[in-house]
Amino acid sequence: MADYNLEGPIWNHLTVTYSFANANYGPNIQPAQFDYILSDSFLQNEVRQAFATWDSVSTIDFVEVADSSNVDIRVGYASIDGPFNILAQTDYYFHGSQFDSDVTIRFDDSEAYAISGQDAVLSNGVTFYSVALHEIGHALGLDHYDAAPAIMHTYATAGIRTLQQSDLDGIHALYGAPLDQVNFVVNNFAQVDGWSSADHDPRAVADVNGDGRADIVGFGQEGVYTSLATANGGFGPVNFAMSNFGQDQGWTSYNQFERSLADINGDGRSDIIGFGEAGTYIALASSGGFSAAKFSLSNFGQDQGWGSTDRYLRKVADVNGDGRADVVGFGQAGTYVAHANPNDGLDPAIFSLSNFGPNQGWSSADRFPRSVADVNGDGRADIVGFGQAGVWVALANGSGGFTPPNLVLANFGQDQGWDSNDHYLRTVADANGDGRADIFGFGEAGVYVALANGSGGFGEAVLQFENFSPGAGGWISDNLYPRFAADLNGDHRADILGFGHSGGYETLAVL
C-alpha cells in the first residue's frame, strides 16, 4: 500500500514556472483570486527555498519568471478565514490528467508570522516555509496523507518542517526520481514493517557471505534476519538467520546490549559480536547465515560495568593488522582493546589509551561519537572521535594500541553545530576506493564527505549529496531512520543505505 495520496492531475512538462502574483485575471483563467501581493522579501525567499527543496528531490525544474496568466504556479495573499485553521490554499483547473497553467497558491493574510532566526513562525510553532512546502506539494499533484507525520498531512505540525519519506515517495511516484536521487531497494527493515527504532530493532550493514558486497543484518523480535546484496546494488529476499540476539532472547535494547558485525576469524565474512549481560558473545558467519553464538569473553558486558552503549561505546575492527577484528571499548578511564585470537575468540582486554572515555570528556556516544577504521591506509584501524572542537584521530601504533590523539579537522564537532549523532549522523568508510576511511557527515543540507589525506587527517568537508539528512529528505533521526555508509555493490567505494519509513533506500557511491 502506498504511503502517499495523489490528487489526480500532474504537469505534462518538467520545467515548471512560478511567480509572485501582481494582478488578477478572470475566473475562466484564474481558479482563485488574490487579495494582496506577497511582497515581503523574507517570505518571498522562504517560498523560493520551498520550490528549491521540491526541485532538489524530483525531476521537476522550477524557474521563477515575471508574473503573467501563462505562469504555471502563481503565489500571493488572500483573506481566507482569519487566524489559524486554513493557513493557505491551492486552487487549480485541469483537463484530463494535466494541470492548466495559473495554479494559485494563496497564503492567508491573517496569519501573524514572526521572524525567529532563519524562520518565520506562528505562535504554535508552524513555519511559513513548511506551509509553502505543503502548498507546492498540492500544486504538483500530491493530496493529504494523514497516516504518518508528513509535510502533506492535513494539519500542519510544529515539529514537521522538512519533507518526510511519504512526501518523497509521492513526488517520485508522480515524476520519477532524479539521477542523483535515492532508489528504493528493500521492502523490509522499516517502520511500516515493525522495525520501530535502531535501539529496539538495530540493523547493520556488512559483508556476511564474503562476496565483497555489504549485506543487511537486522536484529528483530525473534532473532537475526539477513538480506544478501545482489550484483546490481540491490538486495535479495529476507531470510531468518538465527534465533538469537533478538528481543525474544533478551537483547531488548541496543543501548544496553550492543551488537556489531566484523570479521573476527579472518575468513572474509562478517561475524556477529554481541555485548550481553555476562560479557561478549560471538556468532561466526556461515554460508550467509551464522553459527550458534558462543560466549567468548567475560568483559564489555553489563556485569562488568558496561551499562550503556551511549556512555561506554564499543566498536569492532582490526587494530593490529592481522586480518581479524578486535574489540575496542571506550570505558570510564579510556580505551581498552581485546585482540582476536586464532581460536575464533578474544584475548583478555588490555588498557590501551588514556583517552576517548568519560574521564576525558567523551561522556556520550550521541554527543561525541567515535569510530574505528583505517584512515591512513596501513591496514590497521585507527580511532576517529568527533569531539567538542572537531575531529580527533589516534593512529594504530602497530603493537595493538594507539598513539595519542590529535585534532585533525575543525569540523563535524559540537562547536560546528553537529550537536547529536542521532540528529546529524557521522560515520567513516572509504568513499573513493583508495583504501583509507573517509568521513561521512549527514548534516542539515545533505551528506558531507571529508576525504582522508594519507597522513592520518582529512581534507575539507564537501557537500556531495542532497539527501538522507534532516533538511534534505526528512531523515530527522538516526534512531528512527538509520543510515549506513558501506560498499553495497563491490566496487570498493562506500555507498549509502538508509532505512526510511517504508523500506530501504540506496544511492551508490557519491564519489
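Q: What makes the contact between Arg-74 and Asp-67 a salt bridge?
A: In this predicted model, the side chains of Arg-74 and Asp-67 meet at 2.7 Å, N to O. The cut-off is 4 Å between a side-chain nitrogen of Lys or Arg and a carboxyl oxygen of Asp or Glu, so the pair qualifies.

Q: How do you know whether Arg-74 and Asp-67 are buried or exposed?
A: Buried means under 20% relative accessible area. Arg-74 has 0% and Asp-67 has 16%, so both residues count as buried.

Q: What does the pair of Asp-102 and Arg-74 tie together?
A: Asp-102 and Arg-74 meet in a salt bridge. Asp-102 lies in the loop between β6 (98-99) and β7 (103-108), and Arg-74 lies in strand β3 (residues 73-78), so the pair ties together parts that are 28 residues apart in sequence. Both Asp-102 and Arg-74 are buried.

Q: Why does the pair of Asp-478 and Arg-483 count as a salt bridge?
A: The N to O distance is 3.4 Å, and the limit is 4 Å, so the pair is counted. Asp-478 is buried at 15% relative accessibility, and Arg-483 is buried at 3%. The count for the model comes to 13 salt bridges by this rule.

Q: How do you know that Asp-438 has no salt bridge?
A: The nearest side chain of opposite charge, Arg-436, is 6.0 Å away. A salt bridge needs a distance within 4 Å, so Asp-438 has none, although Asp-438 is buried.

Q: What does the side chain of Asp-438 reach at 2.7 Å?
A: The side chain of Asp-438 reaches the backbone nitrogen of Ala-431 at 2.7 Å. The backbone nitrogen of Ala-452 also lies 2.7 Å from a polar atom of the Asp-438 side chain. The cut-off for a polar contact is 3.5 Å, so both distances fall within it. Asp-438 lies in strand β30 (residues 438-442). Leaving aside neighbours within four places in sequence, the residues in contact with Asp-438 include Thr-427, Asn-432, Val-449 and Phe-458.

Q: Why is helix α3 called largely enclosed?
A: Of the 11 residues of helix α3 (residues 165-175), 10 are buried, so the rest of the structure largely encloses α3. Among the buried residues are Asp-167, Asp-169, His-172 and Tyr-175. The buried residues of α3 pack against α1 (41-56), α2 (128-140) and β35. Just after α3, Gly-176 takes a positive phi of about 80°.

Q: What makes β10 and β33 edge strands?
A: The open sheet has 4 strands in the order β10-β35-β34-β33, with antiparallel pairing. Strands β10 (183-186) and β33 (483-486) each pair on one side only, and are the edge strands. The twist averages 30° from one strand to the next.

Q: How do you know that β10 pairs with β35?
A: The rule asks for at least two bridges, and 3 bridges join β10 to β35 (residues 504-507), so the strands pair. The two strands run antiparallel. One of the bridges has Val-186 partnered with Gly-504 in β35.

Methods:
Residues numbered from 1 in each chain as written. Predicted model: local features only at pLDDT ≥ 70, side-chain atom pairs only at ≥ 80, totals over all residues. Heavy atoms only, no water. Axes fitted to C-alpha atoms, helices over the stretch in contact; angles between N-to-C directions. Buried < 20%, exposed > 50% of the residue type's maximum accessible area, 1.4 Å probe, protein only. Lys, Arg positive; Asp, Glu negative; His and termini not counted. Polar contact = N/O pair within 3.5 Å; in protein donor to acceptor, adjacent residues only side chain to side chain. Contact = heavy atoms within 4.5 Å.
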